[in-house]
Amino acid sequence: MRRTAVAASAVVLLLPLSACGGDAEAGNGSTVTVTVGYQSKTINTVTAGTLLRSLGYFEKQLASLNDGVTYKVVWQDYATGAPITAQMTAGKIDIGSMGDFPLLINAARGKQLNRPTHLVSITGYNLRGGLNTIVTAPDSELTSLKDLKGKKVSTSVGSAADGTLVRALQRAGIDPNEGIEKLNQQPAVGASALAAGSADALSQFVAWPGLLTYQGKAKALYDGAQLNLPTFHGVTARADFAKDRPAVLEAFLKAQAQATDYLNAHPVTSAEKVAEATGLPAEVVYLYNGAHGISTFDPTVKPQLVSALKQDVSVLKAAKLTGDVDVDAFVDDQHVRKALGASYGKQLAATPPAAASEVWPKGAQETRTFTSPAELLGYVATHPDGIRAAYVPDATTGTLWFADKAVWVTDGEKLLPFVTPATAQAYADRHSGARVTTYADALERVS
């Protein structure tokens, strides 16, 4: 297998720095700069990044400390978690957010360079793994993972999306090292490679698969939720920063909790805010961050997520990206427990909302929820010019997808949506009389 640009993340060490995290500004000991690294377009982290920044909650929490210090917050935006880790281990970023696999690399690099970090909270998660998706070109003849054997697949090595690719290939009986030609590329580069035909498939994290599918530039080949392994993004903080300024870290986590509450209470408005800040279509943001979106937002550190993180270590070790990682030592939820107070236990025990079909009518600030995909289709069929977006959950994984991009199956009176052709066909094969059909045909059936 040929891997290109495996060491590309090292380039981030050359990036210019705009702030010095945690240090008092020269000549003014009462002013402290707090530097936050985030990924604006990795919209599973918005409660610790894009949305939080737009709401100004962190700055307000810092102002409420009333400790005689003036705080200046510097927000640094990156495309992936690797440069955030590089800046944290250089002492230049205090708090960062990234996906589960990059978090493990963050832990390993921090220990290696004597700049230890800790996972202090969670942003968004999916208990089945639906945040990562493998897509192909719209006109691709590939229909299942087994078709990837010998093909060129773009991903970001060391990312959660790469982890999904590795595990999915292994389950399909394909050696992830020798069975494909892996292209190690940034998400935007991989998207371009897919469009140009220099990559046969792309395995990426939120929001790239949904974005490309929405734009008609890709179609889903593999739903990460088929792995039934949790994926998540979280917040990491430098250990020295947490020790020196625990009140500041707790102020951040309180602000994150506020942003989470805001997102859950105002999902449409939140999607539009994130869209405005990132340039992403609001319809794509809502696919992941909506009321029944692929991602569930909750800052508590759930045991099943920690367990998944421990399982991820072996994948990174096999790729020679880390050695052993002491996950229990890396996880430190004391600050978020203190920040959330009495509500922590209740939120820790909370479960994701049940999957549901939703329509976002044009001009509306609220979506409409339906009890079944067929009921949603009936509404869409009678409002052909009034739909901004329609979403349906995969019949087997629950992963939300665009109704017009889903693969539909008729089973008697039932109309069932699936993210990928393979899962749709598998269902049809198991149910006598069921067959795969088109979206247009599904609409016609309810008209």
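This is a predicted model: local features need pLDDT of at least 70, side-chain atom pairs count only at pLDDT 80 or more; totals for chains, interfaces and linings use all residues.
Strand S3, made of residues 95-99, pairs with S10 in the antiparallel sense over 5 bridges. Within this pairing, Gly96 stands opposite Thr236 of S10. Strand S4, residues 117-126, is likewise antiparallel to S10, and here the pairing runs over 7 bridges. Ser121 has Val235 as its bridge partner in S10.

Is Gln39 buried or exposed? With a relative accessible area of 3%, Gln39 falls under the 20% cut-off, so this residue counts as buried. The side chain of Gln39 makes a polar contact with the side chain of Thr42, at 3.0 Å. Leaving aside neighbours within four places in sequence, Gln39 is also in contact with a set of residues from several parts of the sequence, among them Thr45, Thr50, Asp77, Tyr78, Ile84, Ser97 and Met98.

Helix packing can be followed in two examples. Two packed helices are described by the angle between their axes and the distance between the axes. For helix H4 (residues 100-112) and helix H12 (residues 303-318), the axes come within 10 Å and cross at roughly 75 degrees. H4 and H12 are therefore roughly perpendicular to each other. On the H4 side, the contact is made by Asp100, Phe101, Leu104 and Ile105, while H12 contributes Leu309, Asp312, Val313, Val315 and Leu316. Sorted by class, this contact has 7 nonpolar and 2 charged residues, with no polar ones.

The second example joins helix H9 (residues 246-265) and helix H10 (residues 267-278), whose axes come within 5 Å and cross at roughly 115 degrees. This pair, too, is therefore roughly perpendicular. Tyr262, Leu263, Asn264 and Ala265 of H9 meet Pro267, Thr269, Ser270 and Lys273 of H10. The classes represented in this contact are 4 nonpolar, 3 polar and 1 charged residues.

Finally, an open sheet of 3 strands has the order S17-S16-S18, with antiparallel pairing. Which strands form its edges? They are S17 (414-418) and S18 (435-437), each of which pairs on one side only. On average, neighbouring strands of the sheet are turned by 35 degrees against each other, direction ignored. Strand S16, residues 407-411, pairs with S17 over 5 bridges in the antiparallel sense, and Val409 stands opposite Leu416 of S17. Two helices pack on this sheet. Helix H16 (residues 373-382) touches S16 and S17, and its direction makes about 95 degrees with that of S17. Helix H18 (residues 439-446) touches S16, S17 and S18, with its direction at about 95 degrees to that of S18.

Key:
Residues are numbered from 1 along each chain as its sequence is written. Side-chain values use heavy atoms; hydrogens and water are left out. Axes are lines fitted to C-alpha atoms, for helices over the stretch in contact, and angles run from 0 to 180 degrees between N-to-C directions. Helices (H or I, at least four residues) and strands (E, at least two) are DSSP runs, numbered from the N terminus. Angles under 35 degrees count as roughly parallel, over 145 as roughly antiparallel, 65 to 115 as roughly perpendicular and the rest as oblique. Contact means heavy atoms within 4.5 Å. Ala, Val, Leu, Ile, Met, Phe, Trp, Tyr, Cys and Pro count as nonpolar, Asp, Glu, Lys and Arg as charged, and the others, Gly among them, as polar. Buried means under 20% relative accessible area, exposed over 50%, partly exposed in between (1.4 Å probe, protein chains only). A polar contact is a pair of N or O atoms within 3.5 Å; within protein, one must be able to donate a hydrogen and the other to accept it, and residues adjacent in sequence count only if both atoms are side-chain atoms. Two strands pair if DSSP finds at least two bridges between them.
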